[in-house]
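Hi,

Here is the structure I promised to pass on. Have a look at it first, then read my notes below.

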Amino acid sequence: MTIEVRTAAKDSSKRLWSDVVNDVATGTVARLRIPPGKIAGKQVNWRARATTGRATGAWSKWQSAAVPADDVTTAETSSHAAAPPADAFTLLTYWESTDNKLINYRQGYWDRTKDEGFGNVKIKQKHDLDALSAHQMTKHPLRGIVPDPLIMTRYHYLATSYRHKCDGFLWWKECYVAESRNTRTIMDFNRESSKYEGTLGVLTAYCEGMTVCPSWMRASFGAVLLPVPG
């Protein structure tokens, strides 16, 4: 099976990446991983075709995908990435999302030089958010929950955070939305029992279109009680 990714749905467009997976048995699923950074932050189109012996099939219809600019590289998605620290998979807390899925929140790590990592350390140090932010974003994904365009075990929780401002006093008090930010939390429900129990959990949580979220966002989420594993 040959798969290629291009900038547009036409043969003359720039090819961003292509690869071949061999020996795909009938009725099975074949997976290819795109190297981190190849298509991050791009609107892309991809297609595939099969080859059996000397016979090559026609290309499939073009499929489109929007890939977030934030690169959620982890040791599980990049063969060249260095091994994460020993405590990276430590479970800090957990909760249930709006779609009744168990959300694990792990210590994680972030390599600033390589911009690689996941979990709490990356979310705090790179995006200035925290566990309360990720909690609210998975509890209130008002813009929807969408599957990752490339990795089957991942889902994107799309929310919006609002900063309210109030003027006046008592009966004359009037509140309005002063600012809002669209947010994205990326969950990975992959299981790898040799490294951690249960699913991997929150990979990252960030504001779309910017690296560091506004300082008002963390304060606005308020005090949310989260279960702490004992």
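A contact here means heavy atoms within 4.5 Å of each other. Of the contacts in the protein chain with a separation of 6 or more, 54% are between residues 24 or more positions apart.

Two bits of housekeeping. This is a predicted model, where local features need pLDDT of at least 70 and side-chain atom pairs count only at pLDDT 80 or more, while totals for chains, interfaces and linings use all residues. Residues are numbered from 1 along each chain as its sequence is written, and side-chain values use heavy atoms, with hydrogens and water left out.

The protein chain has three helices and 14 strands (DSSP runs numbered from the N terminus: helices are H or I with at least four residues, strands are E with at least two). Of its 230 residues, 39% are buried, as in under 20% relative accessible area with a 1.4 Å probe, protein chains only.

Four strands make an open, antiparallel sheet in the order E11-E12-E13-E14 (two strands pair if DSSP finds at least two bridges between them). E11 (144-147) and E14 (199-207) are at the edges with a single partner strand each, so one side of each has no neighbour in the sheet. E11 runs antiparallel to E12 (residues 154-167), and four bridges join them. In that pairing, Gly144 of the chain sits opposite Leu158 in E12.

Helix H2 (residues 131-139) packs on this sheet, touching E12, E13 (174-191) and E14. H2's direction makes about 90° with that of E13 (axes are lines fitted to C-alpha atoms, for helices over the stretch in contact, and angles run from 0 to 180 degrees between N-to-C directions).

Cheers

Notes. Buried < 20%, exposed > 50% of the residue type's maximum accessible area, 1.4 Å probe, protein only.
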